[in-house]
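Morning, everyone. I will take a few minutes to walk through one protein model, so please have a look at it before I start.

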Amino acid sequence: MFDGIIQWFEKLPGIANMLLHNGLDQTLIIFFLTLVFGLTLGLVLALGRMTKFKIIQLPIRFYLLIMRGTPLILQLYGFYFGLNLLLGIRIERTMAAVVAFSLNYAAYFAEIYRSGIQAIPNGQYEAAKVLGFGKAQTFFKIILPQVVKIILPPMGSECMTLVKDTSLAHVIGVMEIYVVAANNMSRSRGMEYLIVAGIFYLIMNMIVSKVFGILEKRMSYYR
């Protein structure tokens, strides 16, 4: 019995090394590119969502409803298979995943941005106006730093969810950690592959949690 347990643990470093070189790169690509595009687009969508111009606000509200109201897995199928079927456009699997994840998470980031911006008292805008700040200066120098402080906790939660959601990319054939582990598990009938994959996700989320904890401490002067 103990020999079996020892042999089982002896397999783990080899499995970890295999996943490190076959799958982790795709998981990290999807994660980081989604953050870059999702956070940027999310801010644009948040500002458009709060505008008084209905011609801008209404399409964005509809977009947010669609992206937040339908499963991400369906959106992955749509971007990879739907574009090819309807428009004859074929895009690489990882790129399709990045596009789908970015557009989906931008919708959630937009609402987080909006909640943070609307939490700033009107007195902040009035004080900036008295001091002679323009609208752009007011937003980027006074409002945005305070918004970042407010939205860090929910942003951290969304980023941790994103780490786990990268596993959904396997439905369109992206060879990320989960699918590599699952394929090897089906061949060897051993759960250790999924256990090691789970440890990878856990470590990545520990890093994300630590980074956001550091950022919150650095932004603590906005109290």
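Is L72 buried or exposed? L72 is buried, because its relative accessible area is 10%, and the cut-off for buried is under 20%. Keep in mind that this is a predicted model.

Where does L72 sit? Its place is in helix 4, which covers residues 72-87. Leaving aside residues up to four places away in sequence, L72 touches A100, F101, N104, Y105, D165 and L168. Take F101 from that list. L72 and F101 are 29 residues apart in sequence, and their C-alpha atoms are 7.6 Å apart in space.

F101 turns up again with another residue, T166. T166 lies in the loop between helix 7 and helix 8, the latter being residues 177-188. It is a loop residue, but T166 counts as buried because its relative accessibility is 0%. What does T166 touch? Not counting residues up to four places away in sequence, the contacts are T27, I30, F31, F101, E176 and Y201.

Now step back to the whole chain. It has nine helices and zero strands. Read from the N terminus, every element is therefore an α, written α-α-α-α-α-α-α-α-α. Of the 223 residues, 40% count as buried. Among contacts with a separation of 6 or more, 76% are between residues 24 or more positions apart. L72 and F101, at 29 residues apart, are one example of such a separation.

What about the overall shape? The C-alpha atoms fill a box of roughly 75 × 50 × 25 Å along the principal axes. The radius of gyration is 21 Å, whereas a compact globule of 223 residues would have one near 17 Å.

Next, helix 9. This helix has 27 residues. From first C-alpha to last, helix 9 reaches 39 Å, close to the 39 Å expected at 1.5 Å a residue. Which residues of helix 9 are buried? They are E192, Y193, V196, A197, F200, Y201, M204, N205, V208 and F212. Look at how those numbers are spaced. An α-helix has 3.6 residues a turn, so residues three or four places apart point the same way. Y201, one of the buried residues of helix 9, is also among the contacts of T166.

The largest pocket has a volume of about 350 Å³. Its lining is made of L47, Y125, E126, A128, K129, F133, G134, K135, A136, T138 and F139. Helix 6, residues 122-130, and helix 7, residues 135-165, each supply at least two residues of that lining. Sorted by class, the lining of the largest pocket has six nonpolar, two polar and three charged residues.

The second largest pocket has a volume of about 260 Å³. Of the 13 residues that line it, L39, Y113, V148, L152 and M155 are the closest to its centre. Helix 2, helix 7 and helix 9 each give two or more residues to this lining. Which helix gives the largest share? Helix 7 does, with six residues. By class, the lining of the second largest pocket has 13 nonpolar residues, no polar and no charged ones. The lining of the largest pocket, by contrast, includes three charged residues.

That is what I have. Thank you.

Technical notes:
Residues numbered from 1 in each chain as written. Predicted model: local features only at pLDDT ≥ 70, side-chain atom pairs only at ≥ 80, totals over all residues. Heavy atoms only, no water. 1 Å grid on protein atoms, 1.4 Å probe; cavity = no way out; pocket = protein on both sides within 12 Å on 5 of 7 lines; lining within 4 Å. Points joined across faces, edges and corners; volume = space filled by probe spheres on them. Helix = DSSP H or I, 4+ residues; strand = E, 2+ residues; numbered from the N terminus. Nonpolar A, V, L, I, M, F, W, Y, C, P; charged D, E, K, R; others polar. Expected span 1.5 Å × (residues − 1). Buried < 20%, exposed > 50% of the residue type's maximum accessible area, 1.4 Å probe, protein only. Rg over C-alpha atoms; globule rule 2.2 N^0.38 Å. Contact = heavy atoms within 4.5 Å.
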